[in-house]
Structures are given as structure tokens and as C-alpha cells.
Amino acid sequence: MNDILSHLPILIVMIPISTAFIGPLAGYLFLGWIRRIALLGLLINLICSLLLVLHITTSGPFTYHLAGVAPPLGIAFYADYLGACISVLISGIAFISIWYSSDSIEELGERKSLFFYVLLLLSVGAMQGTIITADLFTLFILFEILAIVMYGLVAIRGDGRGLLAGYKYLLIGSAGSAMILIGIGFLYITTGTLNMHMMADLLVPVSDSYTVLAGLALLIAGISTKIGLFPLHIWMPDAYAYAPSIAPVFSTLALKAGLVALIRVIFIIFGPSLAVQTIPLYSMLAILGAVAIIFCSVLAIRQVDIRKMFAYSTGANIGCVVLGIGIATEAGLEGAILLMITHATAKAGLFLCADTILIQAGIRYIHEFRGLGMAMPYTMAAFAMAALSMIGIPLSGGFVSKIIISSAAIASDLLLYAIIILFWTLLTAVYFFRILNSAYFEEADRVRTIREAPINVLIPIYLLCTAAILLGIFVEVPMGIIRPAAALLLGGRG
């Protein structure tokens, strides 16, 4: 059993990728089996992720050497608390989303649906690799695989808007990839290694080198394009709006994988002390995060397309995560990681609700939600639960994560950031309550009859939307692994 557990880091990467290769063959031989195979692969992946969490909580973090070859010649995967926690998040939400997807991708047709599932599985494998790799060049390769898959998911419909959104994503993503690659090159020239932990030790005596500083700046700028940090978020609204079915859910998960990469670059490679001594890195990140919160929230209020509103809302949440990272205390980092989890869960639920509403009622614009609370009561109730978590209503997951980050800011004499988070909560309430008010308190002017979604669609939706609330009530469950993750990272070796 211990031999199997020691191979879990490579298994969580290879299972979805292997399923992506097996799926098309079975899909051609047995029509309609691709979704079942994808579900089976992701269920096994979820079990492996849960076993990884159990193994790490009982035995501690460990390093896995690919093919048994240790760095600097070999590639290492580092299974720690943060990676295991986000691995469960990715595999769990991916499984629930594909469970939901049976009716939502019919518009793509049989052939494109096959490719759609393949791309989703490849994205899960790339995300799992991104969050546990301890090798910078492997991180770059996985980023590229994930980016190419995401371009395909956005543009797979083949219509003009989807192709244009995919092309915009490609241009901005390529610029980010170039910055990451050049940044890695600068650090490799200086240290002669690509392993993150070895690089961290070798950077200490040359931390004030312009080559190192340039490498750091390029890495952070490149990753910022991947996570959609304002003002490098401009690919997100169209990518979210015109991607089919559940593709935006996987885009949201990809942002979380990018945030894990950002955390590793900051806290492992450069370490807390190194980053503070050289440049005010944490202060710069906190400022960028605060600016992202305000601007993206204001832009979200102005939207009429609900998916674009979700995109800007995601930009604000990414900003708050970066703000929590920038506070650079255990509490700030704990709040940032918890917000990654609560936001991904609630936003996935909202996207499934929005997709169901589009399928059942043909509605995607906010002014069309009038009276929808009566026409689709169960779907809108789930939407309301996830929206309340996004706002940060007490007892919800969003509330607890915001409180932790705000408290960390106050404890660090950064009261302004706590005020910004409070203001952000009010802005979030404005754009979500606008929808809820329209759905529950305004009369519908539509002629066609709208049917509620079937039970097989509502079950996965309620799993996510209920979890968004329960994460606040039973917050000690995720905090049991988040606390040691933050403590380890602040030691510079998480």
C-alpha cells in the first residue's frame, strides 16, 4: 500500500491524461461512452487526490522523483499540503461538472463533443501537474499544455465570437508564456538548476542581481497573465462569455492552478526573507490585488451579460487572493487559500446555474431574469446560495475567507485593505442582488413557458452551491490542511 501511496503525485497527473487518450477510442466504438469514461477517470483521480491528502496529513509532505532520477538531472514533483488541497478541489469540481454536462453540450454535436471531453480531461491533468511540480521548466510545459487546451475549449464552437475570444486568449497567453520562459532562463543562467528548492538555496547570495530581479519580474508578470490579474485580465470576459457549456468552470480551476504556481514562485524560490530584503514584493502584490478588487468589481456592475459579470467578479476574487498573499502572514495566506477554494466552488455552481438557465429558458442577459424565481425555483434557489457565498453573507464560505484576510490586514496595520474588502463586499452585493431582485420581485414579461431543470441536472448544481455555504459552517475541515500549508510556505519550503 505504501508503494502505491508514494506514486500518487504522478498518478493524479497521468490518470486524466491517460483517460483523455482512451476516451476517443471508446467514444468511436461505443457512441456516448466518452462521458462515462471521463467520469470514471475523474472519479479515480478524485480518490487518488483524497488519498494524497490522507497520506500527507499522516506522513507529511514528500518529493517524488520521476523515473527515480533525482534533480538536477531528474524532474521532481513535490506533494505538500497546498498541492494536495487544491488537487482535491480540481478533481472534485471537474467530476461534478462533467456529471452535469450530459445535456449541456448537445449543441456541439457528436464529433465536437468527443473532442470537448478530451480537452477537459487534458486540462485536469495539466492542472494537477502544475500544482505539484517542483521543476520550473516542467511548470512552463504544463502551463503551455493547459493554455493550448483552454484556447481550444473557448473556440471549439467555431463561430465568430468564440474564435475571436480564443484568438485574444491566445495572443495574451502567448505573451505571458514568453515572459515566463525568459524569466526561467534568467534564473537558470544564475543558478544552473531548474529545481525550485535547489534554486532557492543558490539565489540567496545573488538575490540583488539584476538578472535575478528581472527573472522574478518576468515570472510574476507572466503568471499574472495566466491568472487574469488586473490589468492583464482582458482575455477573461470574452473567454468566459463565449466558451460553451462547462468550459468556464475549467477556466476558473485553471486560474487556481496558476495561483498555486505564483505562491510557489514567491514563497519557495524567493522565500519570505529574500523577497522582503531585495524589493518590496509583498507590498506591490497587495497593491495590485487591491486595485484589481476595485476595478473589476466596478466593471462587473456595468455588465449586462451574466457570464461577463462572472468574469469580472472572478477578477476581483483573484485580486483578493493576491492581496492575501501580499499580506505575507500565516493568517493572510490561510485566507487566500481558503478564498481560492470557496470562490472556485461557488463560481462553478453559478456557471452551472447560468448554463442551465440558458438551456431551459434561453436567458443570458441580466434584464431577462425577471420572474425567473417563480419559473425555475430550484435553479434560482441554488443560484442564490452560491451568490450569497460570493457576496460574503455570514456563515458562508466566502464570508469566512474574507474575514480571515481582513483580520490579517488589520493585524499587520494595513487597515486600508480591510476597508477595501468591505467595500468590495458591498459592490458584490450590488451586482448579485440586482439579479436576485429581478428574479424574485419583478414580473416576467415573457410569453414562452419555462420548465424547471430535471433532477439529474439539479443534483450536481446543488452539490456545488450547497458546498459553497457549508464551507463556511464547517470551515475547520479545509482549515485542517490549510493551516499547515500556510505555515510551511512561510518557512520558505512549502
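Helices H7 and H9 run roughly antiparallel to each other, because their packing angle of about 155° is over the 145 degrees that sets this class. The model is predicted.

**Helix pair H7 and H9**

- H7 spans residues 160-191, and H9 spans residues 210-227.
- The two axes lie 7 Å apart.
- Their crossing is left-handed.
- On the H7 side, the contact is made by Ile 172, Gly 173, Gly 176, Ser 177, Met 179, Ile 180, Ile 182, Gly 183, Ile 184, Phe 186, Leu 187 and Thr 190.
- H9 contributes Thr 211, Val 212, Ala 214, Gly 215, Leu 218, Leu 219, Ala 221, Gly 222, Ile 223, Thr 225 and Lys 226 to the contact.
- By class, this contact has 13 nonpolar, 9 polar and 1 charged residues.

**Largest pocket**

- The largest pocket holds about 630 Å³ of space.
- It is lined by 23 residues.
- Closest to the pocket centre are Val 88, Leu 89, Ile 341, Leu 471 and Val 477.
- The lining has 19 nonpolar and 4 polar residues, and no charged residues.

Terms used:
Residues numbered from 1 in each chain as written. Predicted model: local features only at pLDDT ≥ 70, side-chain atom pairs only at ≥ 80, totals over all residues. Heavy atoms only, no water. 1 Å grid on protein atoms, 1.4 Å probe; cavity = no way out; pocket = protein on both sides within 12 Å on 5 of 7 lines; lining within 4 Å. Points joined across faces, edges and corners; volume = space filled by probe spheres on them. Nonpolar A, V, L, I, M, F, W, Y, C, P; charged D, E, K, R; others polar. Axes fitted to C-alpha atoms, helices over the stretch in contact; angles between N-to-C directions. Helix = DSSP H or I, 4+ residues; strand = E, 2+ residues; numbered from the N terminus. Parallel < 35°, antiparallel > 145°, perpendicular 65-115°, else oblique. Left-handed = near helix turned anticlockwise from the far one by under 90°. Contact = heavy atoms within 4.5 Å.
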